[in-house]
Amino acid sequence: MAAPAEQTRQGPYYLDKVSIAEESEDDYQYEEVPADDQWSLTEGEENLEAAVKAMCEQTGDMLTVAQGPTSARQLLSHKPEVVDDFIRNFLIKMGMGKTMDCFQTECTHNQLLDNEIRSVQRERDNYRQAAFRAAETLVKLQKERDFHRMQHKRVVQEKNRLIEDIRRLKKHYASYEPTVRQLNDKCQAALKQKMLVSLERDRAVSQITGLEATLRNLQSGREVPPQGAPSSQWPAREGSVPHRRPKCSPDREPRQHVEGVAPYDPAKDPTKHTASKHPRDSEFPVDTRVNPYLSHAKGQSAHVSKASGFRLTNSLKASDLPVSSLAMHPRKQIIVTASDDRLWKMWGFPNGEIIMTGEGHSDWLSGCCFHPDGSKLATSSGDTTVRVWDFSKAECMLTLEGHTHAVWGCSFHSCGDFVASCSMDNTSKVWDLNSQRCRFTLHGHVDSVNSITFLPFSNTLLTSSADKTLSLWDARTGLCGQTFYGHLHSCNHAAFNLLGDTIVSCDSYGGVKLWDVRKVAVMLSVDTGPHPANQATFSPSGRTVAIASNDGSVKLLDLASSEVSSLVGHEDAVQSVIFDHKGEYLLSGGSDGKMLIWS
């Protein structure tokens, strides 16, 4: 038993004997602790460190506890649980309440510290693993960086090599330009020489024909009138009886040969078609007729050609699909529209009343053209056919089949017996309406032929092609007489002026060129791009060119000043433009299905 507090203040006391009751519930066998007179604890010294020190001294432990609280915690952290239980039981038996509380607090604190240490160790291990992974990622990124750096250096070297190659090729190409220019000049000179030779040949053929006729007349006893005098002005001799030549076939007609001059043979005349002839084939008219529109063109007033004078006066909804082509009646204020809905419609303008509608093609319509007398209409379509419509019967009178791809356009000859068509199959065809067959197929273009038109009152055809060239053809022979080079992109359309001495053409990048037919040279180049120019046409006065642009506007080019103005009204690309006969109205059709009338 412990002594009272007043006895404790007088001096230390000694424990004589400590025993544990046998009825203890613990199965542990406690050893008897002998009393030690040297071991004692004062009340003020009841703490964990003192108890541990006392126990160490009592059990004979040679380790000192003079190292302080840190050494005590290290010892406690490695004590088995049995020792903890023993200390608790000992303190309870001894009645050391404060020491017991301190012991419990220290144990709890040690457990918390142990848990924190284990948590910190786990975090350290996690950080160590993260550091290892980061180090591996860094090494990987460094390797990738080195690889991409090498790739970049290689690409830079290849780029420099390509730049050097391009520079060398440009220099090499520049060295060829003079040669190409010289060859082009030679080609143009050869073509001109060819045309001159052809004219000389025709002149020689006509002279030979005249000489043969003269010889036949001399042999028949008739006097020959002087050259250039009409036979009606040459008086007949008195008493002479006109001699009638017996009818005979041309093949059996007797021919007299002049020494040194070959007789005329129609089979060798290139202006005559040597292929098998159809009994209903039409004959091409002579190429010496005068264009009656020339006086009309010269009489055009100056104010009509001003581009700034046109204003939108009427808008007609011609179709729900794009309007691809417009055609003007040769004499009346009537216009025909062809559209992608497979229909053509005839309108009166400027009022805009609809007159007639035609249906029959199985695909979109691409072009249309009036017969010279205004009684018929030719239409071209994506179904590879050309149809001719008779207005008096209100039906299709003829379907021309022969192209293998879509037909882009058509044009009537001024005599009305022939119609020409151009197609995506790289060819153009001349059709005879009387024999209803193809007379000639024009081969020469190496890409789609996008437009075709006859020179008014002539047998000359003009075509434009996606191979960037224009060509003039003789419709009587199907041969190409001249080719115009200069466009850098696909030619979409080409047209003559009324005089027939100038051609306007446009391409898929908005380039517009005017060509001198006689000199085969460019007179003017204008850039209206970058949007494609779909069609170009002259005003009747020949002073203004209207261009259908893909940007939704109609461009007007004043040839006197080379200035370009725009008429804005369509909501989509403009596909076709055309002037009326007096030049007072300009009509345009677009992909928005509208036909606009400008005046």
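**The model and the whole chain**

This is a predicted model, in which local features need pLDDT of at least 70, side-chain atom pairs count only at pLDDT 80 or more, and totals for chains, interfaces and linings use all residues. Residues are numbered from 1 along each chain as its sequence is written, and side-chain values use heavy atoms, with hydrogens and water left out.

The protein chain has six helices and 28 strands. Here helices (H or I, at least four residues) and strands (E, at least two) are DSSP runs, numbered from the N terminus. The chain has 599 residues, and 37% of them count as buried. Buried means under 20% relative accessible area, exposed means over 50%, and partly exposed lies in between (1.4 Å probe, protein chains only). Contact means heavy atoms within 4.5 Å. Take the contacts between residues at least 6 apart in sequence: 46% of them join residues at least 24 apart.

**Helix α4 and its partner**

Helix α4 covers residues 81-94, which is 14 residues. From its first C-alpha to its last, α4 reaches 20 Å, close to the 20 Å expected at 1.5 Å a residue. The expected span is 1.5 Å times one less than the number of residues.

Which residues of α4 are buried? They are D84, I87 and L91. These residues cover an arc of only 65° around the axis, so they sit on the same side of α4. The arc is that of the directions from the helix axis to the C-beta atoms. On the other side of α4, E81, V82, I92 and K93 are exposed. After α4 comes G95, whose phi is positive, near 75°.

Now the neighbouring helix. Helix α5 spans residues 97-220. The axes of α4 and α5 come within 9 Å and cross at roughly 155°. Because of that angle, α4 is roughly antiparallel to α5. Axes are lines fitted to C-alpha atoms, for helices over the stretch in contact, and angles run from 0 to 180 degrees between N-to-C directions. Angles under 35 degrees count as roughly parallel, over 145 as roughly antiparallel, 65 to 115 as roughly perpendicular and the rest as oblique.

The crossing of α4 past α5 is left-handed. Which residues meet where the two helices touch? From α4 come D84, I87, R88, L91 and I92. From α5 come T99, M100, F103, Q104 and C107.

**Backbone details in the loops**

Two peptide bonds are next. The bond from F349 to P350 is cis, with omega near 15°. P350 is in the loop between β4 (343-348) and β5 (353-359). The bond from G529 to P530 is also cis, with omega near 10°. P530 lies in the loop between β21 (521-527) and β22 (533-538).

T384 is not a glycine, yet its phi is positive, about 75°. Its place is the loop between β7 (376-381) and β8 (385-390). K468 is not a glycine either, and it has a positive phi of about 75°. K468 is in the loop between β15 (460-465) and β16 (469-474).

**Exposure, residue by residue**

| Residue | Relative accessible area | Class |
|---|---|---|
| H371 | 8% | buried |
| T384 | 22% | partly exposed |
| P322 | 23% | partly exposed |
| K468 | 38% | partly exposed |
| V568 | 66% | exposed |

Three of these residues deserve a further look. In the contacts below, residues up to four places away in sequence are not counted.

H371 is found in the loop between β6 (365-370) and β7. H371 touches P330, K376, F412 and G416.

P322 is in the loop between β1 (312-317) and β2 (323-328). P322 touches S339, D340, G590, S591 and G593. The C-alpha atoms of P322 and A338 are separated by 8.8 Å, and the two residues are 16 residues apart along the chain.

V568 lies in strand β25 (residues 563-568). How far apart are V568 and L312 in space? They are 8.9 Å apart, C-alpha to C-alpha, and 256 residues apart in sequence. V568 is in contact with S553 and W598, leaving aside its neighbours within four places in sequence.

Terms used
Left-handed = near helix turned anticlockwise from the far one by under 90°.
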